[in-house]
Amino acid sequence: MILDFPEKTGTVMVDPVRLETAILNMALNSRDAMPDGGRFAIEMRIVEVDADFMAVELAMTAGRYLVISVSDTGTGMSLDVKRRAFEPFFSTKPSGQGSGLGLPMVYGFARQSGGHVAIYSEVGLGTTINLYLPEYTAAPVGMAPAPVTRPASLLQFDAHVLLVEDDARVRTISTVRLQNLGCQVTEAANADEAVRLLRRGVAFDLVFTDLAMPGPMSGLDLCDHVREHYPGLPVLLTSGYAEDVVHADRMRLNDITLLRKPYRISELSAQIGLLLSETSTSGAKR
């Protein structure tokens with residue numbers, strides 16, 4: 001089990017018993033998804049939601065949230081199961097082995113607390129459930145809360161990006177974001193397709209890839225392939241599934257940069273700028 005808690009976190013105003021029950025239900029869901037064992041992680045972090053951030057995480061009010069993430073390396077969920085996961089009495093377990101109320105209770109608690117819950121999962125790889133709870137700030141009576149800050153401007157890049165993402169909706173959103181940063185974008189639906197594009201000799205300045213993808217190659221495998229065959233070509237990885245927690249050893253060993261979903265366009269801009277700057281400084285470019 002991995003626990004990843006920062007020294008300082010925000011304050012939330014919720015029923016502590018219901019919070020404990022929600023975390024327990026998420027943990028039990030992870031346990032049941034790993035009948036043969038696996039790796040389990042609980043993580044906490046503060047995120048700031050704005051209009052850009054909500055492009056992926058829908059139905060959320062702008063503001064700061066404490067996110068509690070529960071991750072496992074279990075069987076994962078299909079798209080249909082993810083869509084129905086919060087339905088009362090829906091269960092993939094054999095009759096008599098599950099009430100189908102665990103995750104719906106988590107969803108109900110999140111919404112009643114002014115928050116949100118989201119699932120990132122890949123069949124055969126595992127699941128991350130993110131519970132968003134609004135940060136509580138005791139502002140003086142009659143004073144409106146401070147607005148969520150927005151970046152004044154974004155960096156623009158004259159760069160050709162190879163975007164690798166299996167979810168068509170997310171791929172479209174990511175393409176628009178990259179184009180808004182001035183990038184030329186070539187899309188690939190999986191790592192195998194990305195490798196074929198690279199072998200054709202297309203000149204890319206950056207590979208931006210999801211970590212968890214169907215097929216024999218994951219985003220981590222694609223990163224290793226790029227580093228072996230195209231040294232100097234930077235790779236930026238992204239995921240809503242907490243590979244940086246569950247696969248922390250491999251991430252640190254390979255010095256991999258991960259952009260956690262959902263992310264704001266300002267965070268994407270900053271990471272691209274950093275990677276392209278490092279490539280320019282080293283003098284290497286493909």
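The structure holds 0 disulfides, a disulfide being a pair of cysteine sulfur atoms within 2.5 Å. Cys-183 is buried, with a relative accessible area of 6%, and Cys-223 is likewise buried, at 0%; here buried means under 20% relative accessible area, exposed means over 50%, and partly exposed lies in between, as computed with a 1.4 Å probe on protein chains only. The model is a predicted one, in which local features need pLDDT of at least 70 and side-chain atom pairs count only at pLDDT 80 or more, whereas totals for chains, interfaces and linings use all residues. Residues are numbered from 1 along each chain as its sequence is written, and side-chain values use heavy atoms, with hydrogens and water left out.

The secondary structure comprises 9 helices and 10 strands, taken as DSSP runs numbered from the N terminus, with helices (H or I) of at least four residues and strands (E) of at least two. Of the 286 residues in the protein, 47% are buried. The protein exposes about 14400 Å², and 53% of this area is supplied by carbon and sulfur atoms; the areas come from the Shrake-Rupley method with a 1.4 Å probe, and for residues only the protein chains shown count as cover. Among the contacts with a separation of 6 or more, 71% are accounted for by residues 24 or more positions apart, where contact means heavy atoms within 4.5 Å.

The structure holds 3 aromatic pairs, a pair being defined for rings of Phe, Tyr and Trp (its six-membered ring) whose centres lie within 6.5 Å, with planes under 30 degrees apart counted as stacked, over 60 as edge-to-face and the rest as tilted. One of these, formed by Tyr-65 and Tyr-132, is edge-to-face, with 6.3 Å from centre to centre and 80° between the planes. This pair links distant parts of the chain, since Tyr-65 belongs to strand E3 (residues 63–72) and Tyr-132 to strand E5 (residues 126–134), 67 residues apart. Both Tyr-65 and Tyr-132 are buried. Phe-86 and Tyr-107 form an aromatic pair that is stacked, with 5.2 Å from centre to centre and 25° between the planes. Here too distant parts of the chain are linked, Phe-86 lying in the loop between helix H2 (79–84) and helix H3 (102–112) and Tyr-107 in helix H3, 21 residues apart. Phe-86 counts as partly exposed at 22% relative accessibility, and Tyr-107 is partly exposed at 33%.

Strand E3 also contains Ser-69, which is buried, with a relative accessible area of 1%. The side chain of Ser-69 makes a polar contact with the side chain of Asn-130 at 2.5 Å; a polar contact is a pair of N or O atoms within 3.5 Å, of which, within protein, one must be able to donate a hydrogen and the other to accept it, and residues adjacent in sequence count only if both atoms are side-chain atoms. With neighbours within four places in sequence left aside, Ser-69 is in contact with Ala-41, Ile-42, Glu-43, Arg-45, Thr-128, Ile-129, Asn-130 and Arg-260.

In helix H3, the buried residues include Leu-103, Pro-104, Val-106, Gly-108, Phe-109 and Ala-110, and the buried residues of this helix pack against H1, E4 and E5. Just after H3, Gly-114 takes a positive phi of about 80°. Gly-114 and Val-14 are 100 residues apart in sequence, while their C-alpha atoms are 9.6 Å apart in space. Val-14 itself lies in the loop between strand E1 (2–4) and helix H1 (16–32) and is partly exposed, with a relative accessible area of 21%. Leaving aside neighbours within four places in sequence, Val-14 is in contact with Leu-19, Phe-109, Ser-113 and Leu-133. In strand E4 (residues 116–122) is found His-116, which counts as buried at 11% relative accessibility and whose side chain makes a polar contact with the side chain of Arg-111 at 3.3 Å.

In helix H5 (residues 191–199), Ala-191, Ala-194, Val-195, Leu-197 and Leu-198 are buried. These residues lie on the same side of H5, because they cover an arc of only 160° around the axis, the arc being that of the directions from the helix axis to the C-beta atoms. The buried residues of H5 pack against strand E6 (160–164), strand E7 (184–188) and helix H6 (219–229). At the start of H5, a side-chain oxygen of Asn-190 reaches to within 3.2 Å of the backbone nitrogen of Asp-192, and just after the helix Gly-201 takes a positive phi of about 85°.
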